[in-house]
Amino acid sequence: MLKHRGFPGRLPGTDFQFVIRRENRKKGATPITRRERFRDRKPADRRADAGFLAALIQHFGEEPFVRGNLDAGRLGWLIGREVKAVGPFDPADYEQLLQVDMAAAEASFPELFAPDSPPDFGWDEDGWNDGDDGDDMDRR
């Protein structure tokens, strides 16, 4: 499993996880399941979606990226909308290529693209965390 070094481990000040620490060798990768975003979702949940998407855009831009250690639950809120599979989609594959659909991202989260006042997710205070627990072994 590829670990995305420099990617934030969570949304600062919350328990909203963005990455996992290690792969599940017994059961395999948790499948990415598309989750419906209803209008009555809590503001904290919407902020976590926006923060995760902002981190994806800042880290990968429009380039394809490997799922790796990105959290399946968090990806489930964006998959099929702002994040698309590159090639055939295998929801339980750590090596699945994904890509941010910038047009869909801007339509769903216009605040992320506001030139005068983009949202502050506190990356500077908390720093970019790779979600690692000190184990520098990059196991596949």
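Predicted model: local features only at pLDDT ≥ 70, side-chain atom pairs only at ≥ 80, totals over all residues.
User: Why is Phe 65 called buried?

Analyst: Buried means under 20% relative accessible area, exposed over 50%, and partly exposed in between (1.4 Å probe, protein chains only). Phe 65 has 3% relative accessibility, so Phe 65 counts as buried. Phe 60, at a relative accessible area of 15%, is therefore buried too. Across the 140 residues of the protein, 41% count as buried.

User: What makes Phe 60 and Phe 65 a stacked pair?

Analyst: A pair of aromatic rings is described by the distance of the centres and the angle of the planes. Rings of Phe, Tyr and Trp (its six-membered ring) pair if their centres lie within 6.5 Å; planes under 30 degrees apart count as stacked, over 60 as edge-to-face and the rest as tilted. The centres of Phe 60 and Phe 65 are 4.2 Å apart and their planes stand at 10°, so this pair is stacked.

User: How do you know that Phe 7 and Phe 60 are stacked?

Analyst: Their centres lie 6.1 Å apart, with 25° between the planes, and the pair is stacked. Phe 7 sits in the segment before helix 1 and Phe 60 in helix 1, 53 residues apart. Both also belong to one aromatic cluster with Phe 18, Phe 52 and Phe 65.

User: Why do strand 1 and strand 2 count as edges of the sheet?

Analyst: Helices (H or I, at least four residues) and strands (E, at least two) are DSSP runs, numbered from the N terminus, and two strands pair if DSSP finds at least two bridges between them. The 3 strands form an open, antiparallel sheet in the order 1-3-2. Strand 1 (65–66) and strand 2 (83–85) each have a single partner strand, so one side of each is left without a neighbour in the sheet.

User: How do you know that strand 1 and strand 3 pair?

Analyst: Strand 1 and strand 3 (residues 97–100) share 2 bridges in the antiparallel sense. Within the sheet, Phe 65 stands opposite Leu 98 in strand 3.

Conventions. Residues numbered from 1 in each chain as written. Heavy atoms only, no water.
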